[in-house]
Amino acid sequence: MGAISFNQIRINLLTPGQYVEFDNSKAVSGLVVMPNRILIIAQMLAAGTGTANVPFQADTLATVQARCGRGSHAALMFEAVLRITDSIETWVLPLTDLGGGTAATGTVAVSGTPTAGGTLNLYAAGDRVQVGVATTDTPTTIATALAAAINASPDLPVTATSAVGTVTLTARNKGTLGNDIDLRLNYYPMSEATPSGINVAITAMAGGTGDPSIATGLAAIGETQYNTVLMGLSDASNLALLETELDARWGPLRQNDGRAHTAVRGTVGTLNTYANTRNSPHVVAWSVEQGGSPSPVWEHAAIWGAICAFYLGGIDPARPVQTLVGVGLLPASPEKRFTRAERNNLLSYGLATYITNPGGQLAAERAVTMYTQNASGIVDPSYRDVETMYTLSYLRYSVRARISQRFPRHKLANDGTVFDAGQVVATPTMIRAELIALFRDWEDVGLVEDFDQFKQDLQVVRSTTDVNRVEVLLPPNLINQFRVFAAQIQFRL
């Protein structure tokens, strides 16, 4: 037999000629780029042309609006993602409203007589609707104009009717998320004011019930890997389904893991009670203040999740997302914002937090997962930060890529076996050397630290029960994030 193991050229080839094959096992050096994909799970409208529970690739906003309906949760979430990035492959899993569900409603009641002209500024889900008011207008005239302005905005999540000075707003989608649609006047009080002489009474959106199940949709996504899942729904039933699916995908036999982002609104007490019922390292739930940010929870989930997908999934999985701006999200008024002590408490329960930066923008503070304790109920910080999860996902992918690239069709022998250098034979020592080189690549890009510890603890052995199997203990020390600087100024006089 020949000294070189060819892949395609036979050793008993008798016909004359020059035969050259290619071998790419040494062609790729350094680290590989992990594919990055987003999945939006959200409700569509009956007017949408898409098929419910069947994912489709979202190429343009117009496509998503046509297939899911303008003003639907799905279309609005995709629009939010585009504020962060248009470079990540994004898919939408549309859900139909629950047949037995109801749509949330709210009212805007106008009364009085204008004593001066001006502009009425209504915000619905953080989007402004404006109508002019003249001194000759009646409450009915103003309400009719306001309803017309709302209906002229197809990307609002509500429609409107008016009667005798009262505008009734109805959520386009049925279900509980409609209750989160914020209604308010004059978000910017320094430049906006209700015209003198009229009174406007707002009844908050409420009465939305019945959320669709994601079970059928999850079954339809197959084995495609979605690194980041965005879902506005956060009810216990759907979150349990999603946690189960993500946990199975995380396992060593499927290895097509992803992380989900949702958002929940409430007080510190209600949010902590909610978080206390969950314990998944694969879900990030962003905490939103009760009566605070007027941006709806599905928009928060889309924006913060897209930030993690872009920066952690596409640039550096270990670099903290703190200070990154949630483009387009509106902050709460100062008195409604969670205090530092409250945010610290929320983080301890497994709820991610944001702050309002000096420029009046919302910025990520810390993206923690909902995992807070181990199976014995003991506090466990091992999977606390989402950066850890993205880093582990990448390390596993790069290990698989390196081994499959370097040893695609190799024979296996014990250390000390003598064979020609041209033979495609792997030994535990050769595999160990490749893993050490891989660690150096990880170290170069700032994903791991402590080379000496890794080299000492690394174990590569041939299985004693299966002669075709190599077993490896990989012990990387993940790099951490610089989050807290504590100093004492011990001054002298």
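The legends below describe close-up views of a predicted model. Local features are given only at pLDDT of at least 70 and side-chain atom pairs only at pLDDT 80 or more, while totals for chains, interfaces and linings use all residues. Residues are numbered from 1 along each chain as its sequence is written, and side-chain values use heavy atoms, with hydrogens and water left out.

**View A. E434 forms salt bridges with R402 and R406.**
A salt bridge is a side-chain nitrogen of Lys or Arg within 4 Å of a carboxyl oxygen of Asp or Glu; the whole structure has 22. The closest N and O atoms of R402 and E434 are 3.1 Å apart. R402 lies in helix α9 (residues 386–406) and E434 in helix α10 (residues 428–444), so this pair ties together parts that are 32 residues apart in sequence. Helices (H or I, at least four residues) and strands (E, at least two) are DSSP runs, numbered from the N terminus. For E434 and R406 the closest N and O atoms are 3.3 Å apart, and this pair ties together parts that are 28 residues apart in sequence. R402 is buried at 6% relative accessible area, E434 at 16% and R406 at 12% (buried means under 20%, exposed over 50%, partly exposed in between; 1.4 Å probe, protein chains only).

E79 is partly exposed at 28%, as is R83 at 26%.

**View C. Strands β14 and β15 pair in the antiparallel sense.**
β14 (residues 353–356) and β15 (residues 362–366) are joined over 4 bridges; strands pair if DSSP finds at least two bridges between them.

**View D. V164 and T323 have positive phi although neither is a glycine.**
Most residues other than glycine have a negative phi. V164, with a phi of about 50 degrees, lies in the loop between β7 (158–163) and β8 (166–171). It is exposed, with a relative accessible area of 75%. T323 has a phi of about 80 degrees and lies in the loop between α7 (297–314) and α8 (340–348). T323 is exposed at 61%.
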